[in-house]
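Here's a quick tour of a few helices, a strand pair and some individual residues. Have the sequence and the model open as you read.

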Amino acid sequence: MRKAGVLLPVFSLPGKYGIGTFGKEAYQFADKLKKAGQSYWQILPLGPTSYGDSPYQSFSTFAGNPYFIDLEAFPEEILKKKDCTACDFGTDPERIDYGKLYQERLALLYKAYQVENYLGLEGRYPDFSSFCNENAAWLEDYALFMALKELHDGAPWYEWEEDIRAHKAEALRPYREKLGDRIRFYCWLQYHFRRQWTALKKYVNELGIELIGDLPIYVALDSADVWAEPALFQMDEKLCPRAVAGVPPDAFSAEGQLWGNPVYDWAYHRRQNYAWWIRRISHAFSLVDVLRIDHFRGFEAYYCVPYGNKTAEHGSWEKGPGMELFRRLKEALGELPVIAEDLGFLTEGVRELLRESGYPGMKVLEFAFDSCEESDYMPHRWEKNSVAYTGTHDNQTLKAWFDELPAASLKFAADYLCLTGRKKEEWNEYTIRMAYASAADTVIVPFQDWKGLGASARINRPSSLGGNWEWRMARNAFSADLIKKMAHITKLYGRE
């Protein structure tokens with residue numbers, strides 16, 4: 001069945017109080033997707049973001065971002081509207097000011113927590129205790145981790161005192177008592193995150209729309225995951241990474257990209273029968289219907305750099321778990337609706353892993369015209385079992401991409417996409433039509449491309465600091481005219 005969807009991060013939704021949430025605007029966006037004939041809403045990772053605000057660098061691979069909790073869902077006796085409006089979340093409704101969010105948001109939520117705790121949290125929410133017990137495998141360490149970070153003024157765990165850095169039970173015991181209220185607060189945040197997200201997902205699913213989530217291959221070094229279970233990663237006896245992840249130098253970066261995430265000790269995972277991965281993937285599918293797995297090629301072979309290197313120039317390729325991991329996941333969890341992010345330089349080994357897994361790969365139209373040579377990303381080469389995109393969160397918007405293409409590539413793209421002689425404001429629509437007309441089973445288009453927005457609406461510029469993950473859609477951007485256009489094009493090309 002030919003399907004279509006829209007890519008829009010939760011944080012990019014409109015609304016009050018500085019960032020997109022699970023509030024009424026999310027429900028309204030889903031309603032409009034339904035009217036526009038869409039089957040999918042693709043989002044970015046939902047985890048709590050750390051320094052740099054990237055959803056791909058999270059304090060936990062299991063926890064949810066408390067910024068997404070809808071403040072308006074709390075009744076007035078729990079969280080007063082005047083307290084919310086008194087906070088400074090920034091002046092631009094179409095940009096996220098993470099610095100101000102950090103200063104204001106958790107303090108506001110703590111007020112609500114204090115009131116609910118005073119009134120009897122378990123009485124108001126009888127399932128709170130069961131939620132904490134059912135998620136204890138990750139929640140206890142995460143909540144303690146966040147409370148300890150506060151105690152250490154936000155310092156990363158590897159700068160804490162040796163005994164608690166080493167996660168020694170006897171050393172942590174007094175902190176669990178001393179920080180009990182803050183630990184309970186962080187559990188409360190996760191409870192409300194899950195409660196609100198579950199309600200939103202149920203609503204979206206009942207509209208006939210599925211949610212596509214996103215799973216980063218790696219976890220952040222400064223995360224509860226690494227602190228609590230360092231054996232999962234290549235760490236030395238001093239709990240320093242032996243190697244970190246990245247990509248080697250290429251035509252776009254002479255120094256490569258040094259991501260800094262600790263790489264997995266795959267031999268350990270194999271001995272554990274991939275138990276942590278089963279937990280991780282199972283948890284991810286409790287939140288979404290389909291899962292895009294980031295940097296899929298890293299499971300066939302991963303690039304790692306000795307810890308402490310300043311660039312990614314002097315790294316090495318090491319063998320990943322390959323199909324063994326995905327066979328184990330299938331044994332434990334059954335057939336999984338996965339999208340493999342297979343972008344970049346692909347070896348025959350990666351292609352074989354993709355074929356054997358059966359997962360659809362990604363085709364990004366913006367990658368098709370980097371030169372005047374035929375590439376795998378040209379629409380006439382897209383296979384049926386693939387998910388096509390005009391661009392992703394890491395790409396320039398389609399409009400800005402056209403503006404920035406070198407003259408020869410632009411001429412080639414315009415000729416191929418039948419844009420020659422058309423008004424420039426029509427280029428986005430006809431490019432989207434090309435993707436929709438392709439053989440690819442699924443097409444996902446970023447909302448910015450449907451709107452024809454320029455460079456200021458870009459989500460992320462890889463390998464750059466500042467200005468990323470900030471864009472939000474205007475309140476009335478998803479107009480009746482756009483809904484009508486999307487519905488027409490979707491039906492015209494036999495998608496739903």
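Helices (H or I, at least four residues) and strands (E, at least two) are DSSP runs here, numbered from the N terminus. With that in hand, Asn-273 sits in the loop between helix 11 (266-271) and helix 12 (275-285).

## Ground rules

This is a predicted model, so local features need pLDDT of at least 70 and side-chain atom pairs count only at pLDDT 80 or more, while totals for chains, interfaces and linings use all residues. Residues are numbered from 1 along each chain as its sequence is written, and side-chain values use heavy atoms, with hydrogens and water left out.

How accessible is Asn-273? Its relative accessibility is 40%, so it counts as partly exposed (buried is under 20% relative accessible area, exposed over 50%, partly exposed in between, using a 1.4 Å probe and protein chains only).

Leu-239 is not a glycine either, yet has a positive phi of about 65°. You'll find Leu-239 in the loop between helix 10 and strand 4 (243-247).

## Helix 3, end to end

Helix 3 covers residues 98-119, which makes 22 residues. The expected span of a helix is 1.5 Å times one less than its number of residues.

At the start of helix 3, a side-chain oxygen of Asp-97 comes within 3.2 Å of the backbone nitrogen of Gly-99. After the helix comes Gly-120, with a positive phi near 105°. The buried residues of helix 3 include Leu-101, Leu-108 and Tyr-113, and also Arg-105 and Glu-116. Among the elements covering the buried residues are helix 2 (81-85), helix 4 (121-124) and helix 9 (180-206).

In helix 8 (residues 169-178), the buried residues are Ala-171, Leu-172 and Tyr-175. Looking down the axis, these buried residues fall within an arc of 85°, so they line one face of helix 8; the arc is that of the directions from the helix axis to the C-beta atoms. On the other side, Glu-170, Arg-173 and Glu-177 are exposed. The cover over the buried residues of helix 8 includes helix 6 (136-151), helix 7 (162-165), helix 9 and helix 10 (224-228).

## A parallel strand pair

Strand 10 (residues 361-364) has Gly-361 and Lys-363 pointing one way and Met-362 and Val-364 the other, and all are buried. Strand 10 runs parallel to strand 11 (residues 386-389), with four bridges joining them; strands pair if DSSP finds at least two bridges between them.

Which residues does Glu-25 contact, leaving aside its neighbours within four places in sequence? They are Leu-13, Pro-14, Gly-15 and Arg-475, where contact means heavy atoms within 4.5 Å. Glu-25 lies in helix 1 (residues 24-35) and counts as buried at 7% relative accessibility.

Lys-81, in helix 2, is partly exposed with a relative accessible area of 48%. Leaving aside its neighbours within four places in sequence, Lys-81 contacts Lys-16, Tyr-17 and Glu-76.

Notes: Polar contact = N/O pair within 3.5 Å; in protein donor to acceptor, adjacent residues only side chain to side chain.
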